Amino acid sequence: MSEVFDDSTLTEIAHLICGDEPPLLYRKGYEIAAFFQRAGWDDVPEYDGTPRHKWARELLRERQEDGTDDAERAILRLANRLEYYNQQKEYHVALKRLNEILVLDGRRIGEDGGQPTLVRCEAGFEDEVRQLPRVELKVSVTEVVSDPVLAATVQLRLDEARTCYEHGAYTSAVIMLGSLLEGVLAHAAQVRAAGERMRKPLGKMGLNDFVDFAYENKWIEHDAKLASELVRHYRNLVHPLAEKRTGHSPNRDTLDMCWPVVNATLNDLAATAAAPPATPHPQARANGGRSRNSNSPAQRPTPASVARHRPGQGTVSGA
């Protein structure tokens with residue numbers, strides 16, 4: 001079934017095709033006709049001297065009313081690098097403007113095998129839909145996970161979670177985040193806790209167990225421990241019956257709350273990776289770290305808290 005675009009979307013797309021506003025790529029009337037041909041249109045009429053924007057807009061409307069996918073083809077051609085030979089600046093400006101238009105209509109430009117594709121997303125303004133509020137991820141995955149094969153898997157899940165977020169697949173995104181969080185904490189327990197007594201065998205520990213163990217050993221801070229409960233709750237929605245019981249499905253707000261938890265945990269794990277194993281406070285052993293007095297060592301600065309406030313740290317792609 002052909003994509004159907006709002007009339008205002010087609011009007012703005014016609015402006016992009018004409019390119020009247022610098023630094024957009026300007027096209028004369030006959031060049032607009034050639035553009036439609038390159039987009040794969042059949043039977044493109046010759047330009048008849050009508051004002052360029054009106055002519056392009058009416059052609060887009062007519063093709064959509066005829067039930068063809070020509071409007072989609074024109075949009076994808078606007079996003080195709082081949083349309084901008086030696087005109088990189090014009091390409092990036094056009095792509096940015098194109099996504100600003102499309103996102104209001106619930107679409108955006110994606111990429112598949114190097115070719116532009118049209119993907120569904122949550123309708124809204126571009127900066128609202130694509131901006132990912134977060135505690136910045138200040139480290140690379142390889143600073144957290146020493147096993148290169150596991151590190152590649154964790155990075156892939158982080159990237160896929162972002163793809164799910166951008167395309168509105170929020171349940172999939174939060175499940176992906178929960179699984180990678182458990183994976184990195186399990187790895188930390190395996191490589192850092194040699195000789196350390198655990199409450200359960202490693203293979204029988206779940207996300208909550210790993211979070212408690214990491215906190216008791218001061219690998220993560222108290223904020224990450226508390227907030228991880230939210231990620232654990234939504235990660236359990238991998239079971240449809242759990243989602244039915246809660247009566248709530250993850251949305252964009254859910255991800256905006258869960259993602260910073262994952263970033264904070266990764267930051268903490270990286271900051272404490274080189275530190276020697278800490279002896280948990282006796283009270284933490286007794287109550288699982290659920291209550292600490294104001295003089296507890298956990299309240300004093302740790303390598304993780306120092307790292308969080310360290311100036312000049314960049315943001316890692318995929319965060």
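Trainee: How many nonpolar, polar and charged residues does the lining of the second largest pocket have?

Mentor: By class, that lining has six nonpolar residues, one polar and four charged, where Ala, Val, Leu, Ile, Met, Phe, Trp, Tyr, Cys and Pro count as nonpolar, Asp, Glu, Lys and Arg as charged, and the others as polar. The model is a predicted one, in which local features need pLDDT of at least 70 and side-chain atom pairs 80 or more, while totals for chains, interfaces and linings use all residues. Residues are numbered from 1 along each chain, and side-chain values use heavy atoms, without hydrogens and water.

Trainee: What makes His15 part of this lining, and why is the space called a pocket?

Mentor: His15 is listed among the lining residues, together with Glu12, Leu16, Asp20, Glu21, Pro22, Pro23, Leu24, Val93, Arg97 and Ile101, so each has an atom within 4 Å of a pocket point. A pocket is an open set of points on a 1 Å grid where a 1.4 Å probe fits, with protein on both sides within 12 Å along at least five of seven lines.

Trainee: Which helix gives the most to the lining of the largest pocket?

Mentor: Helix α9 (residues 207–216) does, with four residues, a helix being a DSSP run (H or I) of at least four residues. The lining of the largest pocket divides into three nonpolar, no polar and seven charged residues.

Trainee: How do you know where confidence is lowest in the chain?

Mentor: By pLDDT, the predictor's confidence from 0 to 100, helix α14 (residues 303–308) is lowest at a mean of 42, and helix α2 (residues 29–38) highest at 97. The chain averages 78, with 74% of the residues scoring at least 70.

Conventions:
Helix = DSSP H or I, 4+ residues; strand = E, 2+ residues; numbered from the N terminus.
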